[in-house]
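Me: I would like to go through some of the labels used for this protein and ask what each one rests on.

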Amino acid sequence: MKLKKNIIAIIPALDKNRYSNYGDLHPWGGSTLLEWKISQANKVKEIKDIYVATPNNSIKKECKRLGIKTFSRNKNESLSEFHFKISKSFKDNYLLFLNPTSPFLSTKIIEQVINIYDKVKNNYDSICTVQKKKDYFFYKKKSVNFNFSKQSTS
């Protein structure tokens, strides 16, 4: 199967998460984390379609406004159950999982991941983009990505 224009982008989204009461609808530079990820996916020429996977009506409503298809996700299913269900639904396509909570993963990096994947695709059936950050992040003077008992001074 040719990789070009045969990728379905799956964007898992929640209206609340452990980082924000707004979840993937959290404001991000004049839009939201979800809108930003959708705009990045729209710029990748190898992506033929975009689906937002969510159990939340508020996210589904936002996707309808944006003209993006949704895929229902059960709140109680495990990540492996979710991936299995998605893979059964899109059997003849490559899947690219894009997380809204990784806004710094640029379109250029996504395209580089796809190019690398194209070379090894016979051994794999999907791509999941993540980026390990070794920085320390604070939100409202509390540590976000590490255990820190003191508040920040900035």
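Predicted model: local features only at pLDDT ≥ 70, side-chain atom pairs only at ≥ 80, totals over all residues.

Reply: Residues are numbered from 1 along each chain as its sequence is written, and side-chain values use heavy atoms, with hydrogens and water left out.

Me: Why is Thr 107 called buried?

Reply: Buried means under 20% relative accessible area, exposed over 50%, and partly exposed in between (1.4 Å probe, protein chains only). Thr 107 has a relative accessible area of 16%, so Thr 107 is buried.

Me: Which residues does Thr 107 touch, not counting those up to four places away in sequence?

Reply: They are Gln 40, Lys 43 and Val 44, where contact means heavy atoms within 4.5 Å.

Me: What makes Glu 35 and Arg 65 a salt bridge?

Reply: The term requires a side-chain nitrogen of Lys or Arg within 4 Å of a carboxyl oxygen of Asp or Glu. For Glu 35 and Arg 65 the N to O value is 3.3 Å, so the pair meets the rule. Glu 35 lies in helix H1 and Arg 65 in helix H2, so the pair ties together parts 30 residues apart in sequence. Helices here are DSSP runs (H or I, at least four residues), numbered from the N terminus.

Me: Why is Arg 65 called exposed?

Reply: Its relative accessible area is 55%, and exposed means over 50%, so the label applies.

Me: What is the N to O value for Glu 62 and Arg 65?

Reply: Their side chains meet in a salt bridge at 2.6 Å. Salt bridges that share partners join Glu 35, Glu 62 and Arg 65 into one network.

Methods: Helix = DSSP H or I, 4+ residues; strand = E, 2+ residues; numbered from the N terminus.
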